[in-house]
Amino acid sequence: MKTLDFVSNERVIEQLGVFIDSKRFPHALIIEGEQGLGKRTLARKLAQALVCRGEEAPCGECVQCKKAADGVHPDIFEYSASGAANSFHVDVVRNVINDAYVKPNEAEKKVYILGNADCMSSGAQNALLKVLEEPPSYVVFILTVKSKSIMLETILSRSVVVSLEGVDIDKGAKYICDNCEEIDFNSAKSALETFNGNIGKTIEGLNDERTKELTKTCCDICKALVNSNEYQVMCSISAFQKDRSAVVFACDFMKNIFRDALVFESKSLISGQSELAQLLNRKFGKKKLIDLINVCDKLKSMALMNSNNALLITKLCYSLMEAVGK
């Protein structure tokens, strides 16, 4: 297989390349990973390789490749749910199944990309299972999911599952700079560290003023903890009062900072806030840093369970101060 223009995850790309080159691509592939890691991008590149008629797929030059790249290939189909639970409806799956038994128009394969497939109800998954049990020889299903754990075991047993991870920071920063002229390397690198190598979230964050504001607020909270300034902690956290998603972001981001403080001597930092992590490391011992990490985990869970937001931020303030002994 010709090298795909896909950053990092080399082992996954190598495995998929073997499938392409050997002409033994699985009838069902599940690509797992959090939003922003490039699941849909990879699915489209694989679809292009599957319909390619060049000597080394995807050649990018044949008519089939060009149609795939332009999103107009008659044998590549994309369906995607909104992301809400059960938003991938069974009627869509049934239409896909009916169409799957019609032979390809131009290519040797007929490819169906099913985005957010983990949003299928059990009924939709069971409907899909019927075609996976005895699929037409020319059909390939590529499913993207945030977590394979939501998929039925019977679906998983008939699929090959690959998991995407965050990219190498330097490679990812170069990729962002090559594709976003207005972003410099150091900014891209720092942001990638903040978002654990997630290119999609990094680009979104760099272009999103709200993300920048939340990042600054989280850093202000950490500095206030170092200075034992409860009033400043309370004032900073008040910025989350009308935005529960901001609490989730803050818990994730501050957890990374506290984690970096905990392992600061190892130099294996992920938050992009090395100076702040060093201050926390000097100020607090191992137990307090672990307690701060636990606070972030607990409050994030509460936020995801739709807890009352006013009570949530009050508890966040109280719990952070309690963790540092105030």
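In which helix is the place of Q48? In this predicted model, Q48 belongs to helix α2, which spans residues 39–51. Its relative accessibility is 15%, so Q48 counts as buried, since buried means under 20%. Looking past the neighbours within four places in sequence, you will find Q48 in contact with P58, G60, C65, A68, A69 and I76.

Let us move on to the nonpolar cores. The largest one has 43 residues, and L225, F240, F258, L280 and L320 are those with the most contacts inside it. Helices that give two or more residues to this core are α10 (209–226), α11 (230–237), α12 (244–262), α13 (274–283), α14 (286–304) and α15 (309–323). Of these, α12 supplies the largest share, with 11 residues. There is also a second, separate core of 32 residues, and among its members are I20, L42, A49 and V162.

Take a look at F240 next. Not counting residues up to four places away in sequence, F240 touches L214, T217, I221, A246, V247, A250, N309, I313 and L316.

Finally, follow α10 to where it meets α11. The axes of these two helices come within 8 Å and cross at roughly 165 degrees. Angles over 145 degrees count as roughly antiparallel, so α10 is roughly antiparallel to α11. The crossing of α10 past α11 is left-handed. On the α10 side, the contact is made by T217, D220, I221, A224 and L225, while α11 brings Q232, V233, S236 and I237.

How values were computed. Residues are numbered from 1 along each chain as its sequence is written. This is a predicted model: local features need pLDDT of at least 70, side-chain atom pairs count only at pLDDT 80 or more; totals for chains, interfaces and linings use all residues. Side-chain values use heavy atoms; hydrogens and water are left out. A nonpolar core is a set of buried Ala, Val, Leu, Ile, Met, Phe, Trp, Tyr and Cys residues joined through side-chain atoms within 4.5 Å. Buried means under 20% relative accessible area, exposed over 50%, partly exposed in between (1.4 Å probe, protein chains only). Helices (H or I, at least four residues) and strands (E, at least two) are DSSP runs, numbered from the N terminus. Contact means heavy atoms within 4.5 Å. Axes are lines fitted to C-alpha atoms, for helices over the stretch in contact, and angles run from 0 to 180 degrees between N-to-C directions. Angles under 35 degrees count as roughly parallel, over 145 as roughly antiparallel, 65 to 115 as roughly perpendicular and the rest as oblique. A crossing is left-handed if the near helix is turned anticlockwise from the far one by less than a right angle, and right-handed if clockwise.
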